[in-house]
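Reader: I have a model open here and would like to go through it with you piece by piece. Could you take my questions as they come?

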Amino acid sequence: MGISKTEHFTEAQNRMAAIMKALGHPARIAIIEYLLKVNSCICGDIVNELPLAQPTVSQHLKELKKAGLIKGNIEGTAICYCIDESAVALLTQYFGSMQATLKCKTDNCC
């Protein structure tokens with residue numbers, strides 16, 4: 001596998017790429033949707049909602065947390081996860097800016 005050369009891109013570009021990469025799996029989208037529905041939960045609850053084994057769900061949660069899309073607090077022997085609103089704000093700003101730029105263009109090049 002080649003070197004990605006992420007140092008050639010801005011911090012904002014690398015951050016957005018990490019968020020989008022984390023969202024690039026349907027199980028992670030399902031986890032995000034579940035967290036939005038319940039507003040917070042414990043890992044065991046997520047396992048009951050998905051057709052995946054607990055270790056697989058834990059790995060997906062780890063990737064979402066690493067990307068900053070979710071955050072977790074230890075409650076006893078479990079971790080309670082919720083959506084990190086700052087990541088959602090970044091996505092909203094990014095896609096909002098993209099949409100505004102596209103609306104400003106008067107000629108359709110494609």
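Reader: Let me start with α4: how many residues does α4 have, and how far does it reach from its first C-alpha to its last?

Author: Bearing in mind that this is a predicted model, α4 has 13 residues and reaches 18 Å from its first C-alpha to its last, close to the 18 Å expected at 1.5 Å a residue.

Reader: And which residues are buried in α4?

Author: The buried residues there are Val57, His60, Leu61 and Leu64. They cover an arc of only 100 degrees around the axis, which puts them on the same side of α4.

Reader: Why would residues a few places apart point the same way in a helix?

Author: An α-helix has 3.6 residues a turn, so residues three or four places apart point the same way.

Reader: What does the face of α4 turned away from the buried side carry?

Author: That face carries the exposed residues Pro55, Lys62 and Lys66.

Reader: Take Leu61 on its own, then: what is its relative accessible area?

Author: Leu61, which lies in helix α4, has a relative accessible area of 0%, and because buried means under 20%, Leu61 counts as buried.

Reader: How far apart are Leu61 and Leu102, in sequence and in space?

Author: Leu61 and Leu102 are separated by 41 residues in sequence and by 34 Å in space, taken C-alpha to C-alpha.

Reader: Moving on to α2, what span should its 13 residues give?

Author: Helix α2 covers residues 26-38, and at 1.5 Å a residue its 13 residues should span 18 Å; the end C-alpha atoms are 18 Å apart, which agrees.

Reader: Which residues of α2 are buried?

Author: In α2 the buried residues are Ala27, Arg28, Ile31, Ile32, Tyr34 and Leu35. They cover an arc of only 160 degrees around the axis, which puts them on the same side of α2. The face of α2 turned away from that buried side carries Pro26, Leu36 and Lys37, which are exposed.

Reader: And α1, how many residues does it have and which of them are buried?

Author: α1 has 12 residues and reaches 17 Å from its first C-alpha to its last, close to the 16 Å expected at 1.5 Å a residue. Met16, Ile19 and Ala22 are buried in α1. Seen down the axis of α1, its buried residues fall within an arc of 125 degrees, so they line one face of the helix.

Reader: Changing topic to pockets: how much space lies in the largest pocket, and which residues line it?

Author: About 170 Å³ of space lies in the largest pocket, and its lining consists of Ala18, Lys21, Ala22, Arg28, Glu63, Lys66 and Ala67. Among these, Ala22 is one of the buried residues of α1, Arg28 is one of the buried residues of α2, and Lys66 is one of the exposed residues of α4.

Reader: Which helix gives the most to that lining?

Author: α1 gives the most to the lining, with three residues, while α1 (11-22) and α4 (54-66) each supply at least two.

Reader: What about aromatics, how many pairs does the structure hold?

Author: The structure holds one aromatic pair. The rings of Tyr94 and Phe95 have their centres 5.4 Å apart and their planes at 85 degrees, so the pair is edge-to-face. As for accessibility, Tyr94 counts as partly exposed at 37%, and Phe95 counts as partly exposed at 41%.

Reader: Lastly, where does Glu75 lie, and how far is Glu75 from Tyr94?

Author: Glu75 lies in strand β2, residues 70-75, and counts as partly exposed at 45% relative accessibility. Glu75 and Tyr94 are 19 residues apart in sequence and 33 Å apart in space, C-alpha to C-alpha.

Notes: Residues numbered from 1 in each chain as written. Predicted model: local features only at pLDDT ≥ 70, side-chain atom pairs only at ≥ 80, totals over all residues. Heavy atoms only, no water. 1 Å grid on protein atoms, 1.4 Å probe; cavity = no way out; pocket = protein on both sides within 12 Å on 5 of 7 lines; lining within 4 Å. Points joined across faces, edges and corners; volume = space filled by probe spheres on them. Helix = DSSP H or I, 4+ residues; strand = E, 2+ residues; numbered from the N terminus. Phe/Tyr/Trp six-rings, centres within 6.5 Å; stacked < 30°, edge-to-face > 60°. Buried < 20%, exposed > 50% of the residue type's maximum accessible area, 1.4 Å probe, protein only. Expected span 1.5 Å × (residues − 1). Arc of directions from axis to C-beta.
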